[in-house]
Amino acid sequence: MANRRNKRAEKQAAKTVSKIPFATRLIIFLIIGAALAISLFWQNEINAALGLKKVDENRYDGMNTETVLTGSGGDLNLHFVDVGQGDACVVELPDGKNMLIDSGEKDREDKLIKYIDENVKDDEGKTIAFFDIVVITHSDSDHCGEMKDVLNRFPVTGSFYRPNQEATKIADPGKSELYGNYNGKDTATYADAITAGYAAGAKGVVTNALDDETNVIKPDGLKDGDEGYYEINFYAPVKDRYSDYNNYSPIIILEYEDNRVALSGDAEKEAEADFVEKASQKEGRYAIFDDTFTVQAIKLGHHGSRTSSSESYLKTMTTKESRKDVRVIISCGLDNKYGHPHKEVLDRLAALGFSQENILRTDVNGDIAMSIKFDKESGAYALYVGADVVRTQKTASLGAVNVTWLEIVVTVIIVVGILLLVLPLFAGGKRGRKRD
């Protein structure tokens with residue numbers, strides 16, 4: 001009985017639609033189709049918002065973030081915070097100083113602030129009150145968008161490292177420190193970040209790998225070989241001006257107890273090539289980049305984009321023998337619209353001998369932590385790495401069917417086409433036969 005009622009209702013609906021002029025129905029179909037087609041420009045964001053994106057299972061079986069950070073004492077810790085499509089890294093140094101590198105995009109949820117509140121503590125176990133060192137790698141909002149809010153909560157009181165770009169939206173408080181043929185960035189976001197950096201009286205430092213006075217950070221009162229000694233060296237940028245703002249990003253190597261971590265913002269192949277050229281000359285501070293030099297961990301540039309992490313750069317930072325053990329960090333947002341990390345980069349890593357299980361991504365693994373601390377069994381310091389629980393696979397509320405927004409759009413267009421254009425033809429044809 002119910003089936004008959006449903007069929008009668010369907011027939012009546014088809015007859016009702018068929019009374020609408022075909023040209024009108026066609027226009028309605030085209031409008032709906034165009035609107036859905038336009039929505040595909042934001043399909044990645046829609047997938048993420050609706051939980052439609054399938055996340056492949058990650059086989060990382062190492063320690064989680066909490067385990068790595070527990071009982072770390074006076075060791076050196078790094079936190080790669082999951083701030084979505086952006087970069088944010090907190091470094092806890094052995095002498096009690098704390099360093100922030102970038103802040104991610106402007107965030108209503110204040111993810112970075114909450115992470116710091118919960119995970120970055122002083123010697124008494126209390127949340128830190130300020131940062132000793134802050135670095136803005138470059139002026140893009142996915143690296144400095146949240147900086148104003150973060151520094152309002154945790155002001156920088158020591159050194160404030162900034163790119164060689166004038167914040168032209170304001171009277172840049174550090175303009176006199178810029179050098180060479182610098183250019184500017186005219187955005188409120190960059191202006192707010194620069195203003196916040198100087199607000200607490202920090203010493204402004206423009207990143208310049210060729211300035212011997214500012215290109216290295218060391219602990220006060222200690223020398224190489226002393227317990228607790230570390231170095232944070234800036235090896236790029238080596239030019240005063242780049243047309244691509246990403247290239248102002250520094251290439252940093254943090255070293256503690258024979259363990260090294262390479263960090264960069266969005267330095268592109270051009271800036272990487274300039275660095276590789278300096279490293280190949282092996283002069284002065286760049287003499288360390290010999291055939292045996294390797295880092296134990298490397299954060300890829302530009303969120304794993306094909307425009308960064310060139311083969312020559314990766315070879316300069318590692319040796320053929322070490323790559324299988326080097327940890328690779330990629331900071332990018334879940335289902336981001338840029339497709340980061342790009343397949344070309346992942347293929348390049350595999351071809352060079354980096355292990356798949358050592359590639360950790362914030363879009364898959366969430367917050368990632370590292371700690372360099374003493375290993376009693378080996379009698380040496382070692383790098384420990386931990387990642388959060390792998391995100392679970394998300395599907396639409398369609399039982400066991402796993403769909404994406406593209407598939408939904410195609411299905412809706414087909415269904416609407418049938419309802420507006422196909423079924424009314426049959427209904428109209430039947431009416432015509434009855435009249436005959």
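Predicted model: local features only at pLDDT ≥ 70, side-chain atom pairs only at ≥ 80, totals over all residues.
**Stop 1: helix α8**

Select residues 188-199, the twelve residues of helix α8; at 1.5 Å a residue they should span 16 Å, and because the end C-alpha atoms are 16 Å apart, the helix agrees with that expectation. Now colour Y190, A191, A193, I194, A196, G197 and Y198, which are the buried residues of α8. What covers these buried residues includes the helices α6 (141-144) and α7 (147-153), together with the strands β5 (156-162), β6 (165-167), β7 (183-185) and β8 (203-206).

**Stop 2: the open sheet**

From β8 and β5, move on through the sheet to which they belong: eight strands form an open sheet in the order β8-β5-β4-β3-β2-β1-β16-β17, and the pairing is mixed. The edges are β8 and β17 (380-387), each of which pairs on one side only. On average, and with direction ignored, neighbouring strands here are turned by 15 degrees against each other. For a detail, select β2 (residues 89-92) and β3, which pair in the antiparallel sense over four bridges, and then find V90, which stands opposite L100 in β3. Next show α5, which lies across β1 (76-80), β2, β3 and β4 (131-135) and runs at about 20 degrees to β2.

**Stop 3: S103**

Between β3 (98-101) and α5 (111-119) there is a loop, and S103 is found in it. Is S103 buried or exposed? With a relative accessible area of 1%, S103 is buried, since buried means under 20%. Its side chain reaches the backbone nitrogen of E146 at 3.2 Å. Leaving aside residues up to four places away in sequence, the residues that S103 touches include V83, D87, L112, H143 and M147.

**Stop 4**

In soluble globular proteins, nonpolar side chains tend to be buried together. To look at this here, select F275, F289, I298, Y313, L314, M317 and V328, which touch the most other members of the largest nonpolar core, a set of 32 residues. The elements giving two or more residues to this core are β10, β11, α9 (269-281), α10, β14 and α11, and the largest share, four residues, comes from α9. A second, separate core has 31 residues, among them L69, V83, V134 and I136. Returning to I298, and again not counting residues up to four places away in sequence, you can find among its contacts A262, Y313, L314, M317 and V328.

**Stop 5**

At 0% relative accessibility, S309 counts as buried.

Finish with the cis peptide bonds. One joins A236 and P237, with omega about 5 degrees, and P237 lies in the loop between β10 (230-236) and β11 (251-256). Another joins H340 and P341, with omega about -5 degrees, and P341 lies in the loop between β14 (327-330) and α11 (343-352).

Key. Residues numbered from 1 in each chain as written. Heavy atoms only, no water. Buried < 20%, exposed > 50% of the residue type's maximum accessible area, 1.4 Å probe, protein only. Polar contact = N/O pair within 3.5 Å; in protein donor to acceptor, adjacent residues only side chain to side chain. Contact = heavy atoms within 4.5 Å. Core = buried A, V, L, I, M, F, W, Y, C linked by side-chain atoms within 4.5 Å. Expected span 1.5 Å × (residues − 1). Pairing = 2+ DSSP bridges. Axes fitted to C-alpha atoms, helices over the stretch in contact; angles between N-to-C directions.
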